[in-house]
Amino acid sequence: MEPQITTLADRPELTGALDEMPDTWPRFVLEDLVGWANFPRIAVEFPEYVLVATDQEGTVVARGYSVPFALNAPGRGGLPAGGWDQELLWAFSDLRHGRTPDTAGAVEITVARDHLGRGVSGRMVEAMRENARALGHRELVAPVRPSAKHLRPALPMAEYVRLTRAEDGLPEDPWLRVHVRAGGVVDSVAPVSMTVSGTLEQWRDWTGLPFDTEGPVEVPGALVPVHCSLTHGHAVYVEPNVWVRHRL
């Protein structure tokens, strides 16, 4: 049976289970400071934008976070190069200043490890579209983290997004393909969507790698190489994502 998908506003008792759901995120991704400071606030400030999927036993098998923001506010208008980080900053800035949102922005869709490969991710994208529409939005935008890009870290994202399958013309990347099948349109690359910086000792802890060579370091799960500076004792990861627009 398909999972039951509701909003956290309708099922607030699932807040703890939502946080505890096992996922596959690389550890270093969780060290993005914008996300670290703002992501936990989404369930508190925007529970109607948080989706939770449960199976027949009531176990949480997938979650989806989105936020509202004013894309067409003065000085904005276009999807930002800052991608994931920027939409979080806009959402909470707009909330603080009382701006009326006009767009829903996807933040995360994650499926529990033991439910991967069952089509749940596609259903979650559809549910997020439906929820955004129900909340009065005409568009859902998503700074997508392509799921297979980590296998080609040296390939520029602008080239990666142009890779398509010969048989149907759909994106070669599985996660981008799910979005396009759901009605999304690939718009542009967000070249600085997420930034993780830390000391070499922190990166060694996060990844188990030595970080003892100057220059780019390929890290499992990273979409592009991490820049390591032995001279200055730090390493920086700047992740590009792909903006996908879902007209509602």
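A salt bridge is taken here as a side-chain nitrogen of Lys or Arg within 4 Å of a carboxyl oxygen of Asp or Glu. The structure is a predicted model, and a search of the whole of it finds 17 such bridges.

Begin by selecting Arg99 and Asp94, whose closest N and O atoms are 2.7 Å apart, forming a salt bridge. Asp94 is buried, at a relative accessible area of 2%, whereas Arg99 is partly exposed at 37%.

Next, select Glu139 and Arg247, which meet in a salt bridge at 3.2 Å, N to O. This pair links distant parts of the chain: Glu139 belongs to strand 5 (residues 139–144) and Arg247 to strand 9 (residues 234–247), 108 residues apart. Glu139 counts as buried because its relative accessibility is 7%; Arg247 is exposed, at 57%.

Proceed to Glu172 and Arg152, a salt bridge with closest N and O atoms 2.8 Å apart. Then display Glu2, Arg123, Glu126 and Glu130 together; salt bridges link these residues in a network.

Turn now to the aromatic side chains, which form eight pairs. Phe46 and Tyr49 are edge-to-face, with 6.1 Å between centres and 80° between planes; both residues are buried. Trp203 and Trp206 are also edge-to-face, at 5.0 Å centre to centre and 70° between the planes. Both tryptophans are buried and lie in helix 7 (residues 200–207), three residues apart, about one turn of the helix.

Finally, select Lys149 and Tyr160: the charged end of Lys149 sits over the ring of Tyr160, 6.0 Å from its centre.

Key
Residues numbered from 1 in each chain as written. Heavy atoms only, no water. Phe/Tyr/Trp six-rings, centres within 6.5 Å; stacked < 30°, edge-to-face > 60°. Buried < 20%, exposed > 50% of the residue type's maximum accessible area, 1.4 Å probe, protein only. Helix = DSSP H or I, 4+ residues; strand = E, 2+ residues; numbered from the N terminus. Lys NZ or Arg CZ within 6 Å of the ring centre and 35° of its normal.
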